[in-house]
Amino acid sequence: MKRANAWATYLQVSPLALVFLLFLVVPIATIIVVSFFDYNTTQIIPAFLLQNYEELLLSPVTWRTYGQTIQFSVVTWAITLVIGFTVSYFLAFHVRSATWQMVLFLVCTIPFWTSNVIRMISWIPFLGRNGLANMTLIQLGLIKEPLEFLLFSNFAVVLTYVHLYTLFMVVPIFNSMMRIDRSLLEAARDAGASGWQTLWTVIVPLCKPGIAIGSIFIVTIVMGDFVTVRMMSGGQSASVSLMMMNAMSLLQYPAAAANAVVLLLLVLFTVAAMMRLVDIRKEL
Amino acid sequence: MNGRRGPAYWLLAGFFALFVLFLYGPTLTILVLSFQGPQGGLTFPMNGVSVHWFKNLFEKQMVGDFAGSLQRSMILGVAVMLVTVAASFSAGLAFRSRFKGAAFIFYLAVASLIVPSILISLGIGLLFRVLGWDAAWFSSAFGAHLTWTLPFGLLIMFAVFNRFDRRYEEAARDLGATSWQTIRFIVIPILLPSLIGVGLFGFTLSYDEFARSLYTSGTFNTLPLEIYGMTTNVTTPVLYALGTVTTGVSFLVIALALVSFTWVRRRRQRHGSDAGKAA
């Protein structure tokens, strides 16, 4: 019985394990191996060289691009955290009927199920030179000339990130908040805490796991992004992934692979730092 | 939180309303603009109302292979959905007992979520190139999509099984059910709503996936790749028509999931079953 059970367990988990092995572990291993390869204009040549890393790390463009990507991540993280926390707080503590809570939560999540590329495109009629934002501002008499920085700028990139990914903050923080025992809040009030004090000393600390999970999502997504930067910056900004893609299109696979390894290390270190704050399995 | 609603409530409610407007506003704008007249442009004002751009969308030579890529994305989405539901459910069952390597597989799932999509795409693309295989939407892209949907599926199954009352299974076993019968007639019906949820994740994540398809889909584009290609060379409202159709498909799938969700619930209530209370 015992042994049969063990076999059944392995059989049950094998499809999942197999997918991760074939399409996650092996490909990442391939990237690492290829990052040491040599290449010329037509092919990649198996070798063990550090040259790809040297060229990457000695180039000022690399550092600038990494700086830009990190900057995007930090700014987006801060904004989505504030918005995500406020929205979850409203849903969890101010909406009283469970049905409304569910409905409003669904309203927030539905856009997540639609295409990101389309949601980016949908900013064009809004932010463009003759877009709604400029038209409205001109009609209100607030500006005379259309604002140029709205579309195809770093502003547009961050706006799009916030638009696309705030949900990744809302869901885990909302989840944390819903687990807070309501009697704790009453206890805080009975002990004489003001609304702000309850928020800062009771709710925020108890939401830390949710905040950490949301932050991990946001930071890893933004660090690996290239679509948003390419579409919304109008070619004025770069990101690490875009840099990789350029190398790919020039058939410099080992160079792209070296960059991929560096990006992967950066992401893993960032996540490891955040994971210290939270035990994800406890949160489910 | 108690008694009347103070200014804090209205302030937060206002903030929430603005957030919802921010989420939906742009999508509604392109929905309206996709019905632009034949002479209309990419921005307001509307120049008449027509379905010109929708017709335009389905004429093959005009805008690449929209119908073909839509079909491919649909097939891929359904395949990914089925595998995601089956594999996550089965893995969820396995994770209820301790086994060697459980922690390792769990960390693989987490890694699969946090490793940027473009790296997975690049890795699979490189792997196929090194092996001399041709990347295709039904092989490499299929695997790439699964690395994105399975972690979500597994985490959902963890959450679901954490709340699952094992006494139902014990009762079934006491009544003489085999393990397969227990799963088929007890566990699956109780968990059906969650499985629908996992399916919804599987389909829509795959249907909208861009980065993981980039180096893995080979010669024939999936829909997001096609749309992305169009953004660089199409400057007519046909782009918005495309957006409206794709978003429409997504909404249809969500509605379908919600309807089947409520249907399962209703049916349970009608049959006076207490099964739902465990899930």
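This is a predicted model: local features need pLDDT of at least 70, side-chain atom pairs count only at pLDDT 80 or more; totals for chains, interfaces and linings use all residues.
Seen as a crossing, α4(B) passes α6(B) in the left-handed sense.

Next, show the side chains where these two helices touch. On α4(B), select Ala109(B), Val110(B), Ser112(B) and Leu113(B), and on α6(B), select Thr147(B), Leu150(B), Pro151(B) and Leu154(B), since these are the residues through which α4(B) and α6(B) meet. Sorted by class, this contact of α4(B) with α6(B) has six nonpolar residues, two polar residues and no charged residues.

Now widen the selection to the whole of chain B. Chain B has 11 helices and zero strands, so that, read from the N terminus on, its elements run α-α-α-α-α-α-α-α-α-α-α. Its C-alpha atoms fill a box of roughly 70 × 65 × 35 Å, taken along the principal axes. Of the 279 residues in chain B, 43% count as buried, and among the contacts in chain B with a separation of 6 or more, 76% are accounted for by residues 24 or more positions apart. If you colour chain B by confidence, bear in mind that its mean pLDDT is 84 and that 94% of its residues reach 70 or more.

From here, turn to the place where chain B touches chain A. In this interface, 71 residues of chain B are in contact with 68 residues of chain A. On the side of chain B that touches chain A, the elements that give two or more residues are α1 (7–33), α3 (66–94), α4 (102–114), α5 (117–131), α6 (140–162), α8 (179–208), α10 (223–233) and α11 (238–270) of chain B. For the complex, the predictor gives an ipTM of 0.86 and a pTM of 0.87.

Then select chain A, which has 13 helices and two strands. The box filled by the C-alpha atoms of chain A, again taken along the principal axes, is roughly 80 × 70 × 30 Å. Chain A has 284 residues, of which buried residues make up 43%, and residues 24 or more positions apart account for 70% of its contacts with a separation of 6 or more.

Two loop residues of chain A make the last stops. Go to Phe152(A), which you will find in the loop between α7 (132–139) and α8 (154–178) of chain A. The phi of Phe152(A) is near 55°, a positive value in a residue other than glycine, and Phe152(A) counts as buried because it has 20 C-beta neighbours inside 10 Å. Finish at Leu251(A), in the loop between α12 (240–249) and α13 (253–275) of chain A. Here the phi is near 65°, again a positive value in a residue other than glycine, but Leu251(A) counts as partly exposed because it has 14 C-beta neighbours inside 10 Å.

Technical notes. Residues are numbered from 1 along each chain as its sequence is written. Chains are lettered from A and ligands numbered from 1 in the order in which they are written. Helices (H or I, at least four residues) and strands (E, at least two) are DSSP runs, numbered from the N terminus. A residue is buried if 20 or more other C-beta atoms lie within 10 Å of its own, exposed if 12 or fewer, and partly exposed in between; C-beta atoms are placed from the backbone. Two residues are in contact if their C-beta atoms, placed from the backbone, lie within 7 Å. A crossing is left-handed if the near helix is turned anticlockwise from the far one by less than a right angle, and right-handed if clockwise. Ala, Val, Leu, Ile, Met, Phe, Trp, Tyr, Cys and Pro count as nonpolar, Asp, Glu, Lys and Arg as charged, and the others, Gly among them, as polar. pLDDT is the predictor's confidence in each residue, from 0 to 100.
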